[in-house]
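Here's a quick tour for anyone meeting this protein for the opening time. Have a look at the structure, and then we'll walk through it.

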Amino acid sequence: MRWSKTLIPTLKEVPADAEVISHKLLVRAGYIRQISRGIYDYFPLALKVIRKIETIVRQEMDRAGAQELLLPISSPAELWQESGRWEYYGKELLRFKDRHERDFCLGPTHEELITDLVRRSVRSYRELPINLYQVQTKFRDEVRPRFGLMRGREFIMKDAYSFHTTVEDCRREYDNMYQAYKRIFTRCGLSFRPVEADTGAIGGSLSHEFQVLAESGEDAIVSCDQCEYAANVEKAEVKGKPPAARDISEELPKLEKVATPGKKTVPEVAEFLKLGANKFIKTLVYKTDSGDLIAALVRGDHEINELKLRTMLGCREVTLADEAAVTAATGVVTGYIGPIGLSLRVVADLSVHGMRGAVTGANEANTHYVDIDQERDFTPSAFADLRLAVAGDPCPRCESGKLQSHRGIEVGQVFYLGTKYSEKMGATYLDAEGREQPIEMGCYGIGISRMVAAAVEQNNDANGIIWPLAIAPFQVLVLPINYKEDKLRDAGEKLYRDLQRAGVEVLLDDRDERAGVKFKDADLVGIPLRVTIGAKGLDKGFFELRSRRDGKTEEVPVGEAVKVITEKIAQAVQG
(Lines give C-alpha, C1' and ligand atoms only; values in the text may rest on other atoms or scores of the structure.)
Protein backbone atom coordinates (compact mmCIF):
# COMPACT_ATOMS: atom_id res chain seq x y z
CA MET A 1 0.00 0.00 0.00
CA ARG A 2 1.16 3.53 -0.81
CA TRP A 3 0.73 6.32 1.69
CA SER A 4 -0.27 8.75 -1.06
CA LYS A 5 -3.15 6.43 -2.06
CA THR A 6 -4.30 5.66 1.50
CA LEU A 7 -6.68 7.78 3.57
CA ILE A 8 -4.55 8.66 6.61
CA PRO A 9 -5.70 12.13 7.72
CA THR A 10 -3.18 12.87 10.49
CA LEU A 11 -3.66 15.92 12.72
CA LYS A 12 -1.16 18.07 14.57
CA GLU A 13 -3.57 19.26 17.25
CA VAL A 14 -5.13 17.16 19.99
CA PRO A 15 -8.94 16.96 19.53
CA ALA A 16 -10.74 19.05 22.12
CA ASP A 17 -13.18 16.30 23.18
CA ALA A 18 -10.53 13.60 23.68
CA GLU A 19 -9.79 12.72 27.32
CA VAL A 20 -7.66 9.57 27.20
CA ILE A 21 -4.51 8.88 25.21
CA SER A 22 -6.06 6.25 22.91
CA HIS A 23 -8.80 8.67 21.85
CA LYS A 24 -6.27 11.44 21.23
CA LEU A 25 -3.84 9.30 19.27
CA LEU A 26 -6.37 7.34 17.22
CA VAL A 27 -7.91 10.61 16.03
CA ARG A 28 -4.60 12.38 15.46
CA ALA A 29 -3.09 9.40 13.63
CA GLY A 30 -6.01 9.16 11.22
CA TYR A 31 -7.62 5.96 12.50
CA ILE A 32 -11.06 7.18 13.63
CA ARG A 33 -13.37 10.21 13.57
CA GLN A 34 -16.51 10.78 15.62
CA ILE A 35 -19.73 11.13 13.64
CA SER A 36 -22.00 11.43 16.68
CA ARG A 37 -21.48 10.99 20.42
CA GLY A 38 -20.02 7.54 20.95
CA ILE A 39 -20.26 6.60 17.24
CA TYR A 40 -17.15 6.54 15.04
CA ASP A 41 -16.03 6.15 11.44
CA TYR A 42 -13.18 3.66 11.07
CA PHE A 43 -10.58 4.80 8.55
CA PRO A 44 -8.55 2.22 6.55
CA LEU A 45 -5.76 1.85 9.13
CA ALA A 46 -8.26 1.24 11.94
CA LEU A 47 -10.12 -1.34 9.90
CA LYS A 48 -6.85 -3.17 9.22
CA VAL A 49 -6.20 -3.39 12.97
CA ILE A 50 -9.76 -4.58 13.58
CA ARG A 51 -9.45 -7.26 10.90
CA LYS A 52 -6.17 -8.46 12.43
CA ILE A 53 -7.85 -8.83 15.83
CA GLU A 54 -10.88 -10.53 14.28
CA THR A 55 -8.63 -13.04 12.52
CA ILE A 56 -6.89 -14.01 15.75
CA VAL A 57 -10.25 -14.27 17.54
CA ARG A 58 -11.74 -16.46 14.80
CA GLN A 59 -8.70 -18.73 14.69
CA GLU A 60 -8.78 -19.34 18.43
CA MET A 61 -12.56 -19.72 18.60
CA ASP A 62 -12.46 -22.26 15.77
CA ARG A 63 -9.54 -24.02 17.46
CA ALA A 64 -11.65 -24.24 20.62
CA GLY A 65 -14.48 -25.93 18.71
CA ALA A 66 -16.92 -23.03 18.29
CA GLN A 67 -18.89 -22.39 15.09
CA GLU A 68 -19.39 -18.96 13.55
CA LEU A 69 -22.81 -17.65 12.55
CA LEU A 70 -24.40 -14.22 12.22
CA LEU A 71 -27.52 -12.96 13.99
CA PRO A 72 -29.58 -9.83 13.17
CA ILE A 73 -28.58 -6.58 14.86
CA SER A 74 -32.26 -5.80 15.56
CA SER A 75 -34.60 -8.05 17.50
CA PRO A 76 -38.32 -8.04 18.35
CA ALA A 77 -39.41 -6.92 21.80
CA GLU A 78 -41.18 -10.23 22.41
CA LEU A 79 -37.90 -12.07 22.90
CA TRP A 80 -36.64 -9.53 25.42
CA GLN A 81 -39.99 -9.57 27.21
CA GLU A 82 -39.72 -13.34 27.52
CA SER A 83 -36.34 -13.06 29.22
CA GLY A 84 -37.51 -10.19 31.42
CA ARG A 85 -34.84 -7.79 30.15
CA TRP A 86 -37.08 -5.49 28.08
CA GLU A 87 -37.58 -3.31 31.15
CA TYR A 88 -34.65 -4.45 33.27
CA TYR A 89 -31.99 -3.43 30.75
CA GLY A 90 -33.06 0.20 31.06
CA LYS A 91 -32.36 3.10 28.72
CA GLU A 92 -29.16 1.55 27.35
CA LEU A 93 -31.45 -0.64 25.24
CA LEU A 94 -32.27 1.44 22.15
CA ARG A 95 -35.91 0.71 21.37
CA PHE A 96 -37.78 1.63 18.20
CA LYS A 97 -40.97 0.81 16.31
CA ASP A 98 -41.15 -0.42 12.73
CA ARG A 99 -43.73 0.85 10.22
CA HIS A 100 -46.28 -1.61 11.63
CA GLU A 101 -45.87 -0.14 15.14
CA ARG A 102 -44.16 -3.29 16.41
CA ASP A 103 -41.50 -2.84 19.09
CA PHE A 104 -37.89 -3.69 18.31
CA CYS A 105 -34.46 -2.93 19.77
CA LEU A 106 -30.87 -2.76 18.57
CA GLY A 107 -28.93 -5.58 20.17
CA PRO A 108 -26.45 -4.62 22.88
CA THR A 109 -25.92 -8.38 23.33
CA HIS A 110 -27.64 -11.43 21.87
CA GLU A 111 -28.63 -13.91 24.59
CA GLU A 112 -32.29 -13.70 23.61
CA LEU A 113 -31.76 -14.21 19.89
CA ILE A 114 -29.34 -17.11 20.24
CA THR A 115 -31.55 -18.83 22.83
CA ASP A 116 -34.49 -18.48 20.45
CA LEU A 117 -32.42 -19.90 17.59
CA VAL A 118 -31.35 -22.94 19.62
CA ARG A 119 -34.81 -23.66 21.04
CA ARG A 120 -36.13 -23.76 17.46
CA SER A 121 -33.23 -25.88 16.16
CA VAL A 122 -32.10 -28.29 18.88
CA ARG A 123 -34.30 -31.02 20.33
CA SER A 124 -32.16 -33.93 21.51
CA TYR A 125 -29.29 -34.33 23.93
CA ARG A 126 -27.44 -35.89 21.00
CA GLU A 127 -27.20 -32.41 19.40
CA LEU A 128 -25.44 -30.93 22.45
CA PRO A 129 -23.03 -29.48 23.41
CA ILE A 130 -22.70 -26.71 20.86
CA ASN A 131 -20.87 -23.35 20.91
CA LEU A 132 -21.96 -20.65 18.47
CA TYR A 133 -20.26 -17.28 17.98
CA GLN A 134 -20.48 -14.17 15.83
CA VAL A 135 -18.47 -11.00 15.16
CA GLN A 136 -20.94 -8.17 14.83
CA THR A 137 -21.79 -4.54 15.52
CA LYS A 138 -23.65 -3.85 18.78
CA PHE A 139 -25.37 -0.76 20.12
CA ARG A 140 -25.76 0.36 23.73
CA ASP A 141 -27.22 3.79 24.33
CA GLU A 142 -24.70 4.80 26.98
CA VAL A 143 -25.82 7.70 29.13
CA ARG A 144 -22.34 9.23 28.91
CA PRO A 145 -20.26 7.83 26.05
CA ARG A 146 -16.63 8.82 26.55
CA PHE A 147 -13.01 7.84 26.05
CA GLY A 148 -13.37 7.22 22.33
CA LEU A 149 -13.60 3.53 21.48
CA MET A 150 -13.33 2.52 25.12
CA ARG A 151 -16.92 3.44 25.91
CA GLY A 152 -18.81 4.13 22.73
CA ARG A 153 -22.44 3.52 21.88
CA GLU A 154 -21.79 1.54 18.70
CA PHE A 155 -19.03 -1.04 18.85
CA ILE A 156 -17.77 -4.28 17.34
CA MET A 157 -17.97 -7.39 19.48
CA LYS A 158 -17.37 -11.10 19.33
CA ASP A 159 -20.04 -12.88 21.34
CA ALA A 160 -20.28 -16.63 21.79
CA TYR A 161 -22.90 -18.79 23.49
CA SER A 162 -22.61 -22.43 24.48
CA PHE A 163 -25.39 -24.93 25.20
CA HIS A 164 -25.10 -28.08 27.32
CA THR A 165 -26.98 -30.91 29.00
CA THR A 166 -25.18 -30.68 32.35
CA VAL A 167 -23.66 -28.12 34.70
CA GLU A 168 -20.38 -30.02 34.57
CA ASP A 169 -20.17 -29.84 30.78
CA CYS A 170 -21.04 -26.14 30.80
CA ARG A 171 -18.30 -25.49 33.33
CA ARG A 172 -15.90 -27.48 31.14
CA GLU A 173 -16.71 -25.17 28.21
CA TYR A 174 -16.36 -22.13 30.48
CA ASP A 175 -12.80 -23.27 31.21
CA ASN A 176 -12.24 -23.99 27.51
CA MET A 177 -13.25 -20.42 26.59
CA TYR A 178 -11.20 -19.03 29.48
CA GLN A 179 -8.09 -20.68 28.01
CA ALA A 180 -9.01 -19.57 24.47
CA TYR A 181 -9.28 -15.98 25.68
CA LYS A 182 -5.86 -16.18 27.29
CA ARG A 183 -4.44 -17.30 23.94
CA ILE A 184 -6.25 -14.52 22.06
CA PHE A 185 -4.99 -11.68 24.24
CA THR A 186 -1.49 -13.15 24.38
CA ARG A 187 -1.34 -13.42 20.57
CA CYS A 188 -2.53 -9.81 20.28
CA GLY A 189 0.53 -8.74 22.27
CA LEU A 190 -1.39 -7.37 25.26
CA SER A 191 -0.49 -7.48 28.94
CA PHE A 192 -3.68 -8.63 30.67
CA ARG A 193 -5.11 -10.22 33.81
CA PRO A 194 -8.20 -12.44 34.19
CA VAL A 195 -10.18 -11.29 37.25
CA GLU A 196 -13.32 -12.43 39.04
CA ALA A 197 -16.20 -10.17 38.08
CA ASP A 198 -19.86 -9.32 38.56
CA THR A 199 -22.26 -10.76 36.01
CA GLY A 200 -24.16 -7.44 35.59
CA ALA A 201 -27.06 -7.21 33.17
CA ILE A 202 -26.00 -10.45 31.42
CA GLY A 203 -26.76 -12.47 34.55
CA GLY A 204 -25.57 -15.89 35.66
CA SER A 205 -23.61 -17.05 38.68
CA LEU A 206 -19.95 -17.03 37.62
CA SER A 207 -17.89 -14.62 35.58
CA HIS A 208 -14.33 -13.53 34.81
CA GLU A 209 -13.25 -10.33 33.09
CA PHE A 210 -10.09 -10.06 31.04
CA GLN A 211 -8.49 -6.75 31.91
CA VAL A 212 -5.75 -5.10 29.85
CA LEU A 213 -3.52 -3.43 32.42
CA ALA A 214 -3.21 0.32 31.87
CA GLU A 215 -3.01 3.29 34.23
CA SER A 216 -5.78 5.01 32.29
CA GLY A 217 -8.15 2.05 32.71
CA GLU A 218 -11.69 2.69 33.89
CA ASP A 219 -11.79 -0.39 36.11
CA ALA A 220 -10.06 -0.79 39.46
CA ILE A 221 -8.82 -4.31 40.07
CA VAL A 222 -6.90 -6.01 42.85
CA SER A 223 -4.66 -9.05 42.76
CA CYS A 224 -2.77 -11.07 45.33
CA ASP A 225 1.00 -10.72 45.51
CA GLN A 226 1.37 -14.38 46.46
CA CYS A 227 -1.30 -16.39 44.60
CA GLU A 228 -3.39 -16.20 41.40
CA TYR A 229 -6.38 -14.44 42.97
CA ALA A 230 -7.51 -11.33 41.10
CA ALA A 231 -10.86 -9.55 40.96
CA ASN A 232 -12.58 -6.37 39.92
CA VAL A 233 -12.91 -4.27 43.10
CA GLU A 234 -16.69 -4.50 42.69
CA LYS A 235 -16.37 -8.26 43.09
CA ALA A 236 -13.27 -8.56 45.27
CA GLU A 237 -13.86 -10.28 48.57
CA VAL A 238 -12.58 -8.86 51.84
CA LYS A 239 -11.53 -11.29 54.53
CA GLY A 240 -13.29 -10.41 57.78
CA LYS A 241 -11.51 -10.45 61.12
CA PRO A 242 -13.24 -11.65 64.30
CA PRO A 243 -13.49 -8.97 66.98
CA ALA A 244 -10.88 -9.04 69.70
CA ALA A 245 -11.76 -11.20 72.71
CA ARG A 246 -13.21 -9.21 75.57
CA ASP A 247 -11.61 -8.95 78.96
CA ILE A 248 -14.65 -9.21 81.22
CA SER A 249 -12.81 -7.30 83.97
CA GLU A 250 -12.16 -4.37 81.65
CA GLU A 251 -14.25 -1.28 82.38
CA LEU A 252 -15.15 0.38 79.09
CA PRO A 253 -15.61 4.13 78.70
CA LYS A 254 -19.24 5.20 78.76
CA LEU A 255 -21.04 6.28 75.63
CA GLU A 256 -21.03 10.07 75.40
CA LYS A 257 -22.38 12.77 73.14
CA VAL A 258 -20.09 15.57 72.03
CA ALA A 259 -20.88 18.76 70.19
CA THR A 260 -19.46 18.91 66.65
CA PRO A 261 -20.84 22.20 65.33
CA GLY A 262 -20.92 22.28 61.55
CA LYS A 263 -18.78 19.15 61.24
CA LYS A 264 -20.50 16.57 59.05
CA THR A 265 -17.98 14.53 57.09
CA VAL A 266 -15.59 11.97 58.53
CA PRO A 267 -12.49 14.10 57.67
CA GLU A 268 -14.05 17.16 59.31
CA VAL A 269 -15.03 15.36 62.53
CA ALA A 270 -11.77 13.39 62.62
CA GLU A 271 -9.76 16.62 62.49
CA PHE A 272 -12.03 18.23 65.10
CA LEU A 273 -11.70 15.31 67.54
CA LYS A 274 -8.05 14.56 66.67
CA LEU A 275 -8.85 10.94 65.77
CA GLY A 276 -8.05 8.73 62.79
CA ALA A 277 -10.72 7.92 60.21
CA ASN A 278 -10.46 4.24 61.17
CA LYS A 279 -12.10 5.08 64.52
CA PHE A 280 -15.32 6.21 62.81
CA ILE A 281 -18.44 4.33 61.80
CA LYS A 282 -19.82 5.89 58.63
CA THR A 283 -23.59 5.64 58.13
CA LEU A 284 -24.89 5.88 54.56
CA VAL A 285 -28.59 5.74 53.71
CA TYR A 286 -29.53 3.95 50.48
CA LYS A 287 -32.79 3.68 48.60
CA THR A 288 -33.60 0.30 47.05
CA ASP A 289 -35.54 -0.29 43.84
CA SER A 290 -38.60 -1.11 45.99
CA GLY A 291 -38.41 2.32 47.63
CA ASP A 292 -37.13 1.16 51.04
CA LEU A 293 -34.46 3.14 52.89
CA ILE A 294 -31.59 1.12 54.37
CA ALA A 295 -28.73 2.36 56.57
CA ALA A 296 -25.39 0.78 55.66
CA LEU A 297 -22.44 1.04 58.04
CA VAL A 298 -18.77 0.96 57.11
CA ARG A 299 -15.59 1.98 58.88
CA GLY A 300 -14.69 5.61 58.28
CA ASP A 301 -11.60 4.88 56.18
CA HIS A 302 -13.49 2.43 53.92
CA GLU A 303 -16.06 2.80 51.14
CA ILE A 304 -19.31 0.92 50.61
CA ASN A 305 -19.34 -1.47 47.65
CA GLU A 306 -22.81 -0.88 46.23
CA LEU A 307 -22.76 -4.11 44.26
CA LYS A 308 -22.12 -6.11 47.44
CA LEU A 309 -24.83 -4.14 49.24
CA ARG A 310 -27.29 -4.80 46.43
CA THR A 311 -26.49 -8.50 46.47
CA MET A 312 -26.76 -8.71 50.24
CA LEU A 313 -30.17 -6.99 50.19
CA GLY A 314 -31.38 -9.10 47.27
CA CYS A 315 -32.47 -6.09 45.21
CA ARG A 316 -31.73 -4.99 41.64
CA GLU A 317 -30.58 -1.46 42.44
CA VAL A 318 -29.41 0.71 45.32
CA THR A 319 -28.76 4.45 45.15
CA LEU A 320 -27.75 6.93 47.81
CA ALA A 321 -30.88 8.55 49.18
CA ASP A 322 -31.10 12.31 48.80
CA GLU A 323 -31.00 14.58 51.83
CA ALA A 324 -34.70 15.37 51.70
CA ALA A 325 -35.66 11.69 51.77
CA VAL A 326 -33.28 10.96 54.64
CA THR A 327 -34.52 13.89 56.73
CA ALA A 328 -38.16 13.01 56.05
CA ALA A 329 -37.61 9.41 57.19
CA THR A 330 -35.37 10.04 60.21
CA GLY A 331 -35.82 13.65 61.23
CA VAL A 332 -32.04 13.99 61.07
CA VAL A 333 -29.90 16.07 58.74
CA THR A 334 -27.38 13.99 56.80
CA GLY A 335 -23.93 14.11 58.36
CA TYR A 336 -25.18 13.41 61.86
CA ILE A 337 -26.85 10.04 61.32
CA GLY A 338 -25.73 7.02 63.31
CA PRO A 339 -26.99 3.51 64.08
CA ILE A 340 -27.90 4.02 67.76
CA GLY A 341 -31.67 4.46 67.98
CA LEU A 342 -32.04 4.84 64.22
CA SER A 343 -35.52 3.98 62.94
CA LEU A 344 -34.24 2.46 59.68
CA ARG A 345 -33.07 -1.07 59.05
CA VAL A 346 -29.30 -1.18 59.66
CA VAL A 347 -26.77 -3.47 57.97
CA ALA A 348 -23.04 -3.30 58.58
CA ASP A 349 -19.76 -4.24 56.99
CA LEU A 350 -17.67 -6.86 58.77
CA SER A 351 -15.13 -4.20 59.71
CA VAL A 352 -17.70 -2.61 62.04
CA HIS A 353 -18.16 -5.84 64.00
CA GLY A 354 -16.73 -5.46 67.50
CA MET A 355 -15.49 -1.86 67.10
CA ARG A 356 -14.74 -0.08 70.37
CA GLY A 357 -13.97 3.53 71.14
CA ALA A 358 -15.71 4.44 67.89
CA VAL A 359 -17.37 7.66 66.76
CA THR A 360 -20.59 8.08 64.79
CA GLY A 361 -23.48 10.48 64.35
CA ALA A 362 -25.83 10.87 67.33
CA ASN A 363 -28.97 11.49 65.23
CA GLU A 364 -28.98 15.08 66.43
CA ALA A 365 -27.78 18.13 64.56
CA ASN A 366 -24.19 19.15 65.37
CA THR A 367 -23.70 16.11 67.63
CA HIS A 368 -21.75 12.84 67.54
CA TYR A 369 -21.38 9.88 69.87
CA VAL A 370 -17.90 8.94 71.08
CA ASP A 371 -16.60 5.81 72.84
CA ILE A 372 -19.08 3.57 71.08
CA ASP A 373 -18.83 -0.16 71.76
CA GLN A 374 -20.64 -1.88 68.92
CA GLU A 375 -21.53 -5.03 70.86
CA ARG A 376 -22.82 -2.97 73.79
CA ASP A 377 -24.49 -0.06 72.02
CA PHE A 378 -26.15 -1.31 68.83
CA THR A 379 -26.83 -4.48 66.87
CA PRO A 380 -27.27 -4.33 63.08
CA SER A 381 -29.78 -6.65 61.46
CA ALA A 382 -26.87 -8.27 59.58
CA PHE A 383 -23.12 -8.16 59.11
CA ALA A 384 -21.64 -8.86 55.66
CA ASP A 385 -18.70 -8.06 53.41
CA LEU A 386 -19.95 -4.70 52.11
CA ARG A 387 -16.84 -2.67 51.40
CA LEU A 388 -14.52 -2.06 48.48
CA ALA A 389 -11.26 -3.95 48.69
CA VAL A 390 -8.12 -1.82 48.78
CA ALA A 391 -4.40 -2.40 48.40
CA GLY A 392 -2.95 -3.95 51.53
CA ASP A 393 -6.03 -5.99 52.42
CA PRO A 394 -5.28 -9.65 53.18
CA CYS A 395 -5.94 -12.01 50.27
CA PRO A 396 -9.25 -13.86 50.67
CA ARG A 397 -7.77 -17.01 49.07
CA CYS A 398 -4.37 -17.56 50.66
CA GLU A 399 -2.95 -17.02 54.13
CA SER A 400 0.09 -14.86 53.40
CA GLY A 401 -0.83 -12.70 50.43
CA LYS A 402 -1.73 -9.02 50.33
CA LEU A 403 -3.84 -7.34 47.67
CA GLN A 404 -2.25 -4.98 45.16
CA SER A 405 -4.24 -2.45 43.16
CA HIS A 406 -4.17 -1.93 39.39
CA ARG A 407 -6.13 -0.11 36.72
CA GLY A 408 -7.52 -2.09 33.84
CA ILE A 409 -9.59 -1.93 30.67
CA GLU A 410 -12.11 -4.72 30.30
CA VAL A 411 -11.74 -6.28 26.85
CA GLY A 412 -13.45 -9.62 27.39
CA GLN A 413 -15.72 -11.46 29.79
CA VAL A 414 -16.87 -15.04 30.21
CA PHE A 415 -20.09 -16.00 32.01
CA TYR A 416 -21.64 -19.19 33.30
CA LEU A 417 -25.34 -18.48 32.76
CA GLY A 418 -26.87 -21.76 33.87
CA THR A 419 -30.56 -21.88 32.97
CA LYS A 420 -31.26 -18.15 33.41
CA TYR A 421 -32.41 -17.74 29.80
CA SER A 422 -33.34 -21.28 28.82
CA GLU A 423 -35.93 -21.68 31.59
CA LYS A 424 -37.57 -18.32 30.90
CA MET A 425 -37.59 -18.84 27.14
CA GLY A 426 -38.38 -22.55 27.01
CA ALA A 427 -35.09 -23.68 25.48
CA THR A 428 -35.11 -27.38 26.32
CA TYR A 429 -33.81 -30.71 25.07
CA LEU A 430 -35.01 -34.29 25.42
CA ASP A 431 -32.70 -36.41 27.56
CA ALA A 432 -31.93 -40.10 27.01
CA GLU A 433 -35.18 -41.04 28.78
CA GLY A 434 -37.22 -38.67 26.63
CA ARG A 435 -37.73 -36.14 29.42
CA GLU A 436 -37.65 -32.41 28.69
CA GLN A 437 -34.82 -30.56 30.43
CA PRO A 438 -33.68 -26.91 30.40
CA ILE A 439 -30.40 -26.30 28.54
CA GLU A 440 -27.36 -25.12 30.52
CA MET A 441 -25.76 -22.05 28.94
CA GLY A 442 -22.52 -20.11 28.89
CA CYS A 443 -21.76 -16.72 27.33
CA TYR A 444 -18.39 -15.34 26.18
CA GLY A 445 -17.75 -11.82 24.84
CA ILE A 446 -14.77 -9.87 23.49
CA GLY A 447 -14.87 -6.16 22.64
CA ILE A 448 -13.06 -6.06 19.31
CA SER A 449 -13.13 -2.29 18.82
CA ARG A 450 -12.38 -1.73 22.51
CA MET A 451 -9.27 -3.87 22.10
CA VAL A 452 -8.02 -1.32 19.55
CA ALA A 453 -8.23 1.42 22.18
CA ALA A 454 -6.85 -0.80 24.95
CA ALA A 455 -3.83 -1.71 22.83
CA VAL A 456 -3.07 1.99 22.30
CA GLU A 457 -3.57 2.81 26.00
CA GLN A 458 -0.97 0.18 26.81
CA ASN A 459 1.38 0.86 23.89
CA ASN A 460 2.26 4.51 23.29
CA ASP A 461 4.83 7.17 23.98
CA ALA A 462 5.06 10.94 23.66
CA ASN A 463 5.32 10.64 19.88
CA GLY A 464 2.39 8.35 19.14
CA ILE A 465 1.15 4.79 18.94
CA ILE A 466 3.39 1.70 19.26
CA TRP A 467 1.40 -1.20 17.80
CA PRO A 468 2.13 -4.78 18.83
CA LEU A 469 3.29 -6.46 15.63
CA ALA A 470 0.43 -8.97 15.57
CA ILE A 471 -2.28 -6.33 15.22
CA ALA A 472 -0.42 -3.46 13.52
CA PRO A 473 -2.05 -2.16 10.32
CA PHE A 474 1.28 -2.75 8.55
CA GLN A 475 4.40 -4.53 9.73
CA VAL A 476 6.90 -2.29 7.94
CA LEU A 477 7.03 1.31 6.76
CA VAL A 478 9.44 2.04 3.91
CA LEU A 479 10.38 5.73 4.05
CA PRO A 480 12.54 7.31 1.32
CA ILE A 481 13.59 10.66 2.78
CA ASN A 482 13.20 12.44 -0.57
CA TYR A 483 10.87 10.53 -2.87
CA LYS A 484 11.59 12.92 -5.76
CA GLU A 485 15.24 11.88 -5.82
CA ASP A 486 15.53 9.10 -8.38
CA LYS A 487 17.91 6.78 -6.56
CA LEU A 488 15.96 7.02 -3.28
CA ARG A 489 12.66 6.49 -5.06
CA ASP A 490 13.97 3.51 -7.04
CA ALA A 491 15.48 1.90 -3.93
CA GLY A 492 12.27 2.41 -1.99
CA GLU A 493 10.11 0.98 -4.78
CA LYS A 494 12.34 -2.09 -5.12
CA LEU A 495 12.36 -2.79 -1.39
CA TYR A 496 8.60 -2.26 -1.30
CA ARG A 497 8.04 -4.84 -4.05
CA ASP A 498 10.54 -7.32 -2.60
CA LEU A 499 8.92 -7.16 0.84
CA GLN A 500 5.47 -7.67 -0.66
CA ARG A 501 6.73 -10.74 -2.53
CA ALA A 502 8.12 -12.04 0.78
CA GLY A 503 4.65 -11.78 2.33
CA VAL A 504 5.41 -8.71 4.45
CA GLU A 505 2.64 -6.18 5.05
CA VAL A 506 4.33 -2.96 3.96
CA LEU A 507 3.40 0.70 3.56
CA LEU A 508 5.49 2.89 1.25
CA ASP A 509 5.66 6.57 2.18
CA ASP A 510 5.76 7.95 -1.35
CA ARG A 511 4.61 11.45 -0.38
CA ASP A 512 6.40 14.59 -1.51
CA GLU A 513 6.82 15.86 2.05
CA ARG A 514 9.67 17.11 4.20
CA ALA A 515 11.58 14.41 6.08
CA GLY A 516 10.50 15.86 9.44
CA VAL A 517 6.83 15.55 8.54
CA LYS A 518 7.32 11.96 7.42
CA PHE A 519 9.17 10.99 10.60
CA LYS A 520 6.54 12.58 12.86
CA ASP A 521 3.72 10.85 10.99
CA ALA A 522 5.59 7.54 11.12
CA ASP A 523 5.90 7.71 14.91
CA LEU A 524 2.31 8.89 15.28
CA VAL A 525 0.85 6.06 13.18
CA GLY A 526 2.95 3.50 15.05
CA ILE A 527 4.03 0.89 12.49
CA PRO A 528 6.47 -1.48 14.28
CA LEU A 529 9.42 -1.36 11.84
CA ARG A 530 10.61 1.59 9.74
CA VAL A 531 13.15 1.40 6.94
CA THR A 532 14.60 4.84 6.24
CA ILE A 533 16.28 5.30 2.85
CA GLY A 534 18.64 8.26 2.79
CA ALA A 535 21.26 9.39 0.26
CA LYS A 536 24.29 8.96 2.55
CA GLY A 537 23.31 5.49 3.71
CA LEU A 538 22.41 4.35 0.23
CA ASP A 539 25.76 5.51 -1.10
CA LYS A 540 27.39 3.25 1.49
CA GLY A 541 25.02 0.38 0.60
CA PHE A 542 22.86 0.54 3.75
CA PHE A 543 19.27 1.13 4.82
CA GLU A 544 18.46 2.28 8.35
CA LEU A 545 16.10 -0.12 10.18
CA ARG A 546 14.37 1.31 13.25
CA SER A 547 12.17 -0.35 15.85
CA ARG A 548 9.22 1.83 16.83
CA ARG A 549 9.00 0.24 20.29
CA ASP A 550 12.51 0.83 21.62
CA GLY A 551 13.82 3.34 19.06
CA LYS A 552 16.89 1.23 18.32
CA THR A 553 18.33 1.60 14.84
CA GLU A 554 20.73 -0.54 12.83
CA GLU A 555 22.31 -0.31 9.43
CA VAL A 556 21.22 -3.14 7.17
CA PRO A 557 22.97 -3.95 3.87
CA VAL A 558 20.64 -3.25 0.97
CA GLY A 559 20.97 -6.78 -0.37
CA GLU A 560 20.12 -8.35 3.01
CA ALA A 561 17.26 -6.04 4.02
CA VAL A 562 14.40 -8.40 3.12
CA LYS A 563 16.06 -11.33 4.90
CA VAL A 564 16.77 -9.29 8.06
CA ILE A 565 13.25 -7.84 8.17
CA THR A 566 11.46 -11.15 7.62
CA GLU A 567 13.59 -12.80 10.32
CA LYS A 568 12.74 -10.04 12.80
CA ILE A 569 9.05 -10.40 12.05
CA ALA A 570 9.25 -14.19 12.44
CA GLN A 571 11.05 -13.84 15.79
CA ALA A 572 8.45 -11.36 17.05
CA VAL A 573 5.55 -13.60 15.98
CA GLN A 574 7.10 -16.58 17.75
CA GLY A 575 7.42 -14.50 20.92
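## Where the charges sit

Let's start with charge: the chain has 81 positive and 87 negative charges, and their mean positions are 4 Å apart. Here Lys and Arg count as positive, Asp and Glu as negative, while His and the chain ends are not counted. Each charge is placed at NZ of Lys, CZ of Arg, CG of Asp or CD of Glu.

Before going further, a word on what you're seeing: this is a predicted model, where local features need pLDDT of at least 70, side-chain atom pairs count only at pLDDT 80 or more, and totals for chains, interfaces and linings use all residues. Residues are numbered from 1 along each chain as its sequence is written, and side-chain values use heavy atoms, with hydrogens and water left out.

## The overall build

The C-alpha trace spans about 95 × 70 × 50 Å along its principal axes. The chain holds 16 helices and 31 strands, which are DSSP runs numbered from the N terminus (H or I, at least four residues, for helices; E, at least two, for strands).

Of the 575 residues, 52% count as buried. Buried means under 20% relative accessible area, exposed over 50%, and partly exposed in between, using a 1.4 Å probe and protein chains only. The chain exposes about 26300 Å², with carbon and sulfur atoms supplying 49% of that; areas come from the Shrake-Rupley method with a 1.4 Å probe, and for residues only the protein chains shown count as cover. Take the contacts (heavy atoms within 4.5 Å) between residues at least 6 apart in sequence: 68% of them join residues at least 24 apart.

## Rings that pair up

Rings of Phe, Tyr and Trp (its six-membered ring) pair if their centres lie within 6.5 Å; planes under 30 degrees apart are stacked, over 60 edge-to-face, and the rest tilted. That rule gives nine aromatic pairs. In one of them, Trp-80 and Tyr-89 have ring centres 5.8 Å apart and planes at 85°, so they are edge-to-face. Trp-80 is buried at 0% relative accessibility, and Tyr-89 is buried at 10%.

Phe-96 and Phe-104 are stacked, because their planes are at 20°, with centres 5.9 Å apart. Phe-96 is partly exposed at 33%, whereas Phe-104 is buried at 19%. Elsewhere, ring pairs link Tyr-178, Tyr-181, Phe-185, Phe-192 and Phe-210 into a cluster.

## Charges over rings

A charge sits over a ring if NZ of Lys or CZ of Arg is within 6 Å of the ring centre and within 35 degrees of the ring normal. Arg-95 does this with Trp-86, its charged end 4.8 Å from the ring centre. Arg-511 lies over the face of Trp-3, at 4.1 Å from the ring centre.
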